[in-house]
Amino acid sequence: MRYSVAMTGEVEAAMRDHLIREDGQEDVLAATYVLSTGVERTTALIKSVVFPGEGERLVHGNASFTSGYVLRASNEARAAGHGLALLHSHPGSRGWQLLSDMDWETESEYERVARGITKMPLLGMTLGGRDTSWSARFWFDRSAPTWAESVRSVSPKLAVTWNNEIRRIPSITRSQQRTVSSWGERTQSSIARLRVLVVGGGSVGLDVAQRLAATGLATVGVMDYDAVETVNLDRMIGATRLDAALGRSKVKVASRLMKSAATAESFEIHNHEVSITDPVGVSAALDYDVIFSCVDRPWPRAVLNALAYTDLIPVIDGGIALDTFPDGRMRNGIWRAHTLVPGRPCMACLGQLVIGDIPLDKQGLLDDPEYIAGAHREAPSRQNVAALSASVSAALLAQFVSLTAHPGGRGVPAPLRHVLSTHTLEHSVATSGPYCAYENATTAGDTRTPIAEHREDWRAIVYERATKKSPFRLRALAAAEDILQRAISRLK
Ligand SMILES: [Zn+2]
């Protein structure tokens, strides 16, 4: 299991303002956290800050907690069902901080208090004052801490402090030189270590996945349970007639194309032939740092919309809608891109997710012509234009760059809408709804209201594909293709 910590930009700012003092002294602070448990990673989400009261901590050279403060914070954590975090600052230091002997002693001493009261491990965190870098460790027992791999502050700007011992700084390869010259080695080394998941391996997802691989990311996952069909070939650039004839999974096709585009020294692909609307899909998604939503149906988008807030994983979403005149000529096209993070409105508040459509999608009614006619709805538009699908992936990738590289010191913009007929770019004025159920569930972690369900339908599709035998001619072509690709990938 890997470990990490995430917090909203707002919580991070509150903790930073307290821990970095004008007099340059060290300070201490308590906070509470909840867990967000994935398959391979457990994340502590900082829930609330417990500021010290009068006389509850000593600030002189090495700042220290009084046991009264730790007890009060532990009891507050327990009352809320949270764990306890103890934080302190190293004002003159930069980068991931290790523990001094004294820090070790303090944390291992309070480990028992925290676990005894909250029944959860103590979380220790340090802030390096010179570059506001965070570091974190979990105390599962008294003897030694288990270090986290990263600490993420999530707001329109994603800021990550990496533990270089656990997630090594990737070396810059020759094919990455142009990319690195645009944002510097520091940004490259942070972006390259992000674990990014692309949900939906269609035209947009396939394009996004390949460009992430080309950017030098070391780990990219793709989630889709569907296969490539001939009708997809106009937009899934790189997918072949053989892929469609074999009925290859979109994930496998993405994986092949990513391998050939990847510039990282060692590139890790995670194939998830599952549905994000199923608990297995959600657990897999919780292992990632950023998610691209390249799906167009209401239910999967609702699941991702929720995860962005409950588990502090930025979700980059968008899509395209085309409009025709009654005689079939093109009227307009609109594509959108927005990033769901605390501080930016969710898809529902943006009007990009109709809550009432989620149960209809679950019941399969959105594909049922009888229902659609009876409800006087328009059939879901399946139109798309090959020449425009890259516009959507480009818009999503630009959001990713703003989120992670902060061009001009800025993070992701307000939600964007590109109008094709006039070529205008509009910034949405939509704001978060004060009563938005999604945003009010921010940092719920494992106590999130489940909207994913165990279903057999997508499992049957994956099973059928895995057990289907293709004609000999196609299998022979696939084998030849495989040999050729292996040979090419060995070229330096
Ligand atoms: Zn909302």
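Which residues make the nonpolar surface patch of about 330 Å²? The patch is formed by L484, I488 and L491, where patches comprise residues with over 30% relative accessible area and no salt bridge, nonpolar side chains (Val, Leu, Ile, Met, Phe, Trp, Tyr) being joined within 5 Å and like charges within 9 Å. A salt bridge denotes a side-chain nitrogen of Lys or Arg within 4 Å of a carboxyl oxygen of Asp or Glu. The model is predicted, so that local features need pLDDT of at least 70 and side-chain atom pairs count only at pLDDT 80 or more, whereas totals for chains, interfaces and linings use all residues. Residues are numbered from 1 along each chain as its sequence is written, and side-chain values use heavy atoms, with hydrogens and water left out.

L484 counts as exposed because its relative accessibility is 53% (exposed, over 50%; buried, under 20%; partly exposed in between; 1.4 Å probe, protein chains only).

The zinc ion has the protein donors C346 (SG), C349 (SG), C436 (SG) and E439 (OE), at 2.1 to 2.2 Å; donors are N, O and S atoms within 2.8 Å of the metal (3.2 Å for Na, K and Ca). Angles of 96 to 123° between the four donor atoms make the arrangement tetrahedral, a class that requires all angles between 85 and 135 degrees. Along the chain the donors follow the spacing C-x2-C-x86-C-x2-E. Both C436 and E439 are buried.

D278, in the loop between β14 (268-272) and α8 (279-285), is buried, with a relative accessible area of 1%. Beyond its neighbours within four places in sequence, D278 contacts (heavy atoms within 4.5 Å) A452, E453, H454, R455, W458 and R459.

Methods
Four donors count as tetrahedral if all angles lie between 85 and 135 degrees; four count as square planar and six as octahedral if opposite donors are over 155 degrees apart and all others between 65 and 115; anything else is irregular. Accessible areas come from the Shrake-Rupley method with a 1.4 Å probe; for residues, only the protein chains shown count as cover. Helices (H or I, at least four residues) and strands (E, at least two) are DSSP runs, numbered from the N terminus.
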